Amino acid sequence: MSLKNYLPLKSEINLFNVEKNPVTLVIMAFTALFLAMYLYGIVNFFMYGHDAYNVTRQFPWGLLMVMYEFFVGLAMGLGILGASIIVFDIKPLRFLAKRALLFGLLSLFAGFSVFLFEIGHPVRMVIYVAISGNISSTLFWLGVFYPLFMLFSVLAFVNVGRKNEKIMAALALVFAICSIMTAGSIFGLLNSTPFANGIYYPIQFLLSSVAMGVFLLLLWYGINKTNKTQDFDVMIKLLGIMVSILLLMSISRYLVGVYGNLPERALPIAYIYSSSNFLVWELFFGLVAPLLIILFVSNKKQWLYIAAVPALVGYFFSRYNLVEGLQLYPKLMEKTREYQEAVTMITGYVPSLVEISLSVGGIGVAVVLYYVSNRVLELDN
């Protein structure tokens, strides 16, 4: 039995025959730039380690964590979309199933290509998780759910069109939801950080991940000018539902967060909600603009193609606002009377060039993986 029985390989594979038009030329130029910056970041990481970053003991999570969480959300959102199409037999979107599953896996690998330079000792981390894992830790369960998501996504991908496709897709769907909810719970279970503590982020991660997956697929098919876009109405309606719920959640979170004036929660939320990162990117481009297009614009698909890039940037900033917000208010010492100084918010973090290079390098890695997979595999049949 040949490999082609399981992998939908194209009869003719040509990686270099690219249609030259302004859009593809711009994408190629930025991809080459991002990969060059990624190489620069890798070299500096091996030369200087974490000293090349602008993180501190008081502000330990930086841009690399943000980019990793962005790619994780994108991966799980695509996986949820692809698996749901198979499990619930959404016929108008069947042509998306394989691409969504595969792009979800590749997005996760792109996220790991960034996170690799944040954790420092990836091999040691895997060994310690295996021999001394703490089952009460959300990070431990994330290490369990990620491999299971990848395994069943691969099995669902190779079994598309076979009789057991729904079983594999259902398992991929379950572990994709478990993964993204657990990723949100890492922040939601931070009892010492009221800014993030609660049920908001597990649900926000799930909904925003699905929205990110929809935007990426819209962008892909918009760039490639496919004739299948007439079937996107179902996906656009799904996007409208996701964006509407996220918008209402953002409003309610602000009201609940500032009510009562608890400093550890109210001050960071007020700071984040008044920043351009939130108002311009997360709120307007990520939520309001797509919702207005869906509700009031007649040529929705064309406008959503255009809005997809700023919308994805907006969801990136939603992760950035989370990582920044939960570190704004410093932790209190146990003996506050003797040792605690006056509390002021930590607002001075600016990513270093190395952090920026490694982060945008992840985007370059993702684009290359998407492109190669599209050239090698038949994903639309």
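Modeller: Let me begin with one convention: a crossing is called left-handed if the near helix is turned anticlockwise from the far one by less than a right angle, and right-handed if clockwise. This is a predicted model, in which local features need pLDDT of at least 70 and side-chain atom pairs count only at pLDDT 80 or more, while totals for chains, interfaces and linings use all residues. Residues are numbered from 1 along each chain as its sequence is written, and side-chain values use heavy atoms, with hydrogens and water left out.

Biologist: Which handedness does the crossing of α9 and α11 have?

Modeller: α9 passes α11 in a right-handed crossing, so by that convention the near helix is turned clockwise from the far one. Helix α9 covers residues 263-273 and helix α11 residues 300-328; their axes are 9 Å apart and the packing angle is about 145 degrees. Axes here are lines fitted to C-alpha atoms, for helices over the stretch in contact, and angles run from 0 to 180 degrees between N-to-C directions.

Biologist: What makes the contact between α9 and α11?

Modeller: From α9 come P268, Y271 and I272, and from α11 come N321, E324, G325 and L328, where contact means heavy atoms within 4.5 Å. By class, four of these residues are nonpolar, two polar and one charged. Asp, Glu, Lys and Arg count as charged, Ala, Val, Leu, Ile, Met, Phe, Trp, Tyr, Cys and Pro as nonpolar, and the others, Gly among them, as polar.

Biologist: Why are α8 and α10 called oblique to each other?

Modeller: The axes of α8 (residues 233-258) and α10 (residues 276-296) cross at roughly 135 degrees and come within 9 Å. Angles under 35 degrees count as roughly parallel, over 145 as roughly antiparallel, 65 to 115 as roughly perpendicular and the rest as oblique. The pair therefore counts as oblique, and its crossing is left-handed. The residues that meet include I236, L239 and V243 in α8 and L283, G286 and L291 in α10. The classes there are 10 nonpolar, four polar and no charged residues.

Biologist: What makes T138 buried?

Modeller: Buried means under 20% relative accessible area, exposed over 50%, and partly exposed in between, with a 1.4 Å probe and protein chains only. T138 has 19%, so it counts as buried. T138 is found in helix α5 (residues 138-158) and touches T182, S185, I186 and L189, leaving aside residues up to four places away in sequence.

Biologist: How do you know which label A97 gets, buried or exposed?

Modeller: A97, in helix α3 (residues 97-119), has 1% relative accessibility, so it is buried. Not counting residues up to four places away in sequence, A97 touches G82, I85 and I86.

Biologist: And why is V43 called partly exposed?

Modeller: Its relative accessible area is 41%, which falls between the two cut-offs. V43 lies in helix α1 (residues 22-48), and its C-alpha atom is 9.3 Å from that of V354, 311 residues apart along the chain.

Biologist: How do you know how compact the protein is?

Modeller: The protein has 13 helices and zero strands, both being DSSP runs numbered from the N terminus (helices H or I, at least four residues; strands E, at least two). Its radius of gyration is 21 Å, close to the 21 Å of the globule rule for 381 residues, so it is as compact as a globular protein of that length. That radius is taken over C-alpha atoms, and the rule is 2.2 Å times the number of residues to the power 0.38. Of the 381 residues, 49% count as buried.
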